[in-house]
Structure formats: structure tokens, C-alpha cells
Amino acid sequence: MMRVELPDVPGSLGRIATAIGEAGGDIDAIEIVEKRDGYAVDDVLLEIVPGTMPDSIVSACSILDGVSVLWINRYAAGGNLFLDLEVVESLTEDPATARDRLVDLLPIAFRVDWAARIRRGVSGWEVVHATDAAPTEFDTADITAPTRLPGDEIYVECAAPFGDDAILMGRRGGPEFLDSELARLEHLLGLAITISRT
């Protein structure tokens, strides 16, 4: 997966697609992550021809006028985009489990390595439900709004309130969580709470 910032003008995406193809990459999917100040931030899922170095794709894109590659890394989640609508549809199948099911779907929907639902207990945060790769202990301040967390040398993290609980997510090595991703997370959490009450 490559996260790229590009001018939000006609033809920009075509120039990037051409550069990626010439450097040995094939685009599987593109998702617009954010639009801001005449620029767009897109996540591009790629297949790379064996023997092609990711650096060559980064270089091919970076020489384009106004284009910046913000991050590139292997994407282990299977190469498909799991749209928010599909998440909501999955949650409505069994409203009683919607809150935990959302935690299970967040790594796919947000391309993160782990997600956890935590609750403040007598001795600190307790894990209510988490994906396999999630930490088992959390030491964070109260979470009152969607926010980026400091993370550590391995993960970038974010958190959001989830009713009486909180949701945390972590990405190994980046990219940083954008404001648009925090807003998306907040929206999905609100929908999950509503669905779970039906």
C-alpha cells in the first residue's frame, strides 16, 4: 500500500498510474482518504512485479510535479478495500454483537494491524474485545474525542470514545492517522452504537 498526496486536478491520478506502471507496479485499488487545500491524499493498493523494488515506484511518483509519497509498506490484509457500507451491513446482521464485530472489522476497513475495545476499570483500562495482534495492556488518558496517540517505536495509534468504552487502533510503521480517518472512525462507532441498541 502506498499513501500519496497529489494535486486535486484532472489528470493527476492518470500521471501517477502511468508512473507506477512504468516502474513495475500494477494498481489493484485506489481509495481517496482525504481532500485538503487543492490536494488529495489517496491510498493506492499495488501489486509489484517480482524483482521490482518499492523504492523505484516511490521515485517514479516523487518526480511528478506536486506529488509526494507519504508512506509505502507491505499490505497484509488481503488487498481488498472493505468499504464502510459493508462494515455497517455486517453489523446489522446481528445487532447484539455489533460492537465486538466492529472491532473485528476495523483492521480491514482502516488497514490497521490491530483494534481493541477497552473500558476503564478499577485498576485502569481493561480489554473488552480485541483482535489477535492487539496489546493486552493499555496506559492512556481518558479518551473524550477521536485523537491520535503517541504510539511507540513500532506503531502509530489512534483512539475514540465508544459509549462508555473506547476504541484504539494501531498501524505498524504508519502512515499517521489523518483527520478524515478519525472522522470516519467516529461516524462508524456512532452507527455501531445505534445498531447495537436495536
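A salt bridge is defined here as a side-chain nitrogen of Lys or Arg within 4 Å of a carboxyl oxygen of Asp or Glu. By that criterion, a search of the whole structure finds 13 salt bridges. The structure is a predicted model, in which local features need pLDDT of at least 70 and side-chain atom pairs count only at pLDDT 80 or more, while totals for chains, interfaces and linings use all residues. Residues are numbered from 1 along each chain as its sequence is written, and side-chain values use heavy atoms, with hydrogens and water left out.

**Salt bridges**

| Glu5 | Arg36 | 3.0 Å |

The salt bridge between Glu5 and Arg36 links distant parts of the chain, with Glu5 in strand β1 and Arg36 in strand β2, 31 residues apart. Exposure is classed by relative accessible area (buried under 20%, exposed over 50%, partly exposed in between; 1.4 Å probe, protein chains only). Glu5 is buried, at 17%, whereas Arg36 is partly exposed, at 32%.

Asp100 is partly exposed, with a relative accessible area of 25%; Arg117 is buried, at 9%.

**Helices α3 and α4**

Two packed helices are described by the angle between their axes and the distance between the axes. In this report, axes are lines fitted to C-alpha atoms, for helices over the stretch in contact, and angles run from 0 to 180 degrees between N-to-C directions. The axes of α3 (residues 84–93) and α4 come within 9 Å and cross at roughly 155°. The two helices are therefore roughly antiparallel, on a scale that takes angles under 35 degrees as roughly parallel, over 145 as roughly antiparallel, 65 to 115 as roughly perpendicular and the rest as oblique. Their crossing is right-handed; a crossing has this hand if the near helix is turned clockwise from the far one by less than a right angle, and is left-handed if anticlockwise.

With contact taken as heavy atoms within 4.5 Å, Val87, Ser90 and Leu91 in α3 meet Ala98, Arg101, Leu102, Leu105 and Ala109 in α4. The buried residues of α3 are Val87, Val88, Ser90 and Leu91. These residues cover an arc of only 160° around the axis, which puts them on the same side of α3; the arc is that of the directions from the helix axis to the C-beta atoms. Leu85 and Glu93 are exposed on the other side of α3. The buried residues of α3 pack against α4 and also against α5 (179–196).

Ala109, located in helix α4, is buried, at 3% relative accessibility. Its C-alpha atom is separated by 28 Å from that of Gly121, twelve residues apart along the chain.

**Helices α1 and α2**

Helices α1 and α2 pack at an angle of about 145°, with their axes 9 Å apart, and their crossing is right-handed. Ile16, Ala19 and Ile20 in α1 meet Ile57, Ala60 and Cys61 in α2.

Which residues of helix α2 are buried? In α2 (residues 54–62), they are Ile57, Val58, Ala60 and Cys61. Seen down the axis of α2, these residues fall within an arc of 165°, so they line one face of the helix. Their cover includes β1 (2–7), α1 (12–22), β2 (25–36), β3 (39–48) and β4 (68–72).

Val69 is placed in strand β4. Leaving aside residues up to four places away in sequence, Val69 touches Met2, Arg3, Val4, Val58, Cys61 and Ser62. Val69 and Asp8 are 61 residues apart in sequence, and their C-alpha atoms are 15 Å apart in space.

Definitions and conventions:
Helix = DSSP H or I, 4+ residues; strand = E, 2+ residues; numbered from the N terminus.
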